[in-house]
Amino acid sequence: MSAPARGPGRQGRAGRGPSRPGVLAAARTTLHQWLERPLTSLHLVLAVFGLLTALGLVMVLSASAVSSYAAGGSSYGVFFRQAVFALIGLALFWLGLRVPPRKLRAASPWLLAGCLVLLVLVLVPGLGAVVNGSRSWFRVAGLSLQPSELTKIALALWGAHVLVRHRPHPRTWRAALMPLLPVSLAVLGLVLAQPDLGTTISLMIIVFALLWFACAPLGLMAFIVSSGVVASVVLGIVATYRQSRITAFLNPEAADPLGPAYQARQALYSLADGGLFGAGLGQGRAKWDYLPNADNDFIFAIIGEELGFVGAAAVIALFATLAYVGLRIAVRSADPWIRVVASTLTVWLVAQACINIGYVVGLLPVTGIPLPLVSSGGTSLALALLSGGLLANFARHEPEAARVLRAHGQGRLARALRLPEPEVASRPTPRTGPRGGGR
């Protein structure tokens, strides 16, 4: 008897469908093609900021319902205020999306000057309101406004403006630091006088990012990093409550569980209770006065408790996507000012998220920095949305995106929002340095 033929069997197995490596290769090709589309950056910005804002509103409602009811008899008090600032933020998003970048750059010195005036006025008793021990707020028509949040954006816009004048990059310390250093020190001093260490750290991150993406000398960057570390340690020691937080972080076993270590420990309990899929939206227990500031500084713990590891990982993935798209916009932009501003705003938002998540999960000492777009805090939400509008604006001004929008039209939504046609610029000059500039 002859041996049975094997050819048809092989063909049958092959006919079941493409192999797994083939499917993965096709998926990679599809993803690559989508990422190469001219308007992908704009779509990613809209998606990330929209999802984070929507998630933030839902989680603020869940985390604040108990404390709002106890304080005013309504579970929606904090949520309504957050929703009002979300609407204000959408208006600011539209404004940031609509103003041409060249006009933003021209207005940046005046914007920063106005912020400096507000930072001085907020320190005046009777004008500035004290909240949680810091005179950082103006109260207007029942709403609290924090000028230091706007100062972050103003400093990024103006700092990039003064640094890109030294193209291709500032070769000397003097070119990099003048006039950025004295103005930054003035801003930091006014914020420290409030006092507000969390905002001070955010401003220091912005200054560092400005110099880094403007390709300041590496020796200067090393000096700034070491100086920032020393300053942070000193600021953490001089105030008793900050020192107790740092001590509790370094030695949690010996810390008072009902004192400085209370919030950090309760946050870990909340995350542990969440498990893989969480207790369910609105079903968390920590917000029943077990975790202070559950809707603000520690809202990530509530996310982990109610939405589980999956929900917490989704939040981290959204901020990772924000980091990618922000730096993508910077790399693909032709205007050096846009490159520095987009990179700086991205680093600020993502670094602030990393710090917040870091101290919630116990990797950093508690600093009181909110989670952008998610934590309760009206001014923070509104100004984070303004940053998103600026990034979307810069995405529309990528050379390929601008050409497509001008050649094929902007669509009904863009016309309804009265968005001007983006200005077409040439592609960015190839750059060889490790940070986008040759040395």
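Select Tyr359 to start: at a relative accessible area of 0%, Tyr359 is buried (under 20% relative accessible area; over 50% is exposed, in between partly exposed; 1.4 Å probe, protein chains only). This is a predicted model, where local features need pLDDT of at least 70 and side-chain atom pairs count only at pLDDT 80 or more, while totals for chains, interfaces and linings use all residues. Numbering runs from 1 along each chain as its sequence is written, and side-chain values use heavy atoms, without hydrogens and water.

Next, look at the rings. The whole structure holds 5 aromatic pairs (Phe, Tyr or six-membered Trp rings with centres within 6.5 Å; planes under 30 degrees apart are stacked, over 60 edge-to-face, the rest tilted). Phe298 and Tyr359 have ring centres 5.5 Å apart and planes at 65°, so they pair edge-to-face. Phe298 sits in the loop between helix H12 (262-274) and H13, and Tyr359 in helix H14 (residues 336-360), so the pair ties together parts 61 residues apart in sequence. Helices here are DSSP runs (H or I, at least four residues), numbered from the N terminus.

Move to Tyr76, Phe79 and Phe80. Ring pairs link them into a cluster. Phe79 is buried, at 19% relative accessibility.

Select H13, residues 299-332, next. Where is its kink centred? On Leu307, with a bend of about 130° (the angle between axes fitted to the seven residues ending there and the seven starting there).

Finish at Ser202, in helix H9 (residues 197-213). Ser202 is buried, at 2% relative accessibility. Beyond neighbours within four places in sequence, Ser202 contacts Lys152, Trp348, Gln352 and Ile369 (heavy atoms within 4.5 Å).

Key: Helices (H or I, at least four residues) and strands (E, at least two) are DSSP runs, numbered from the N terminus.
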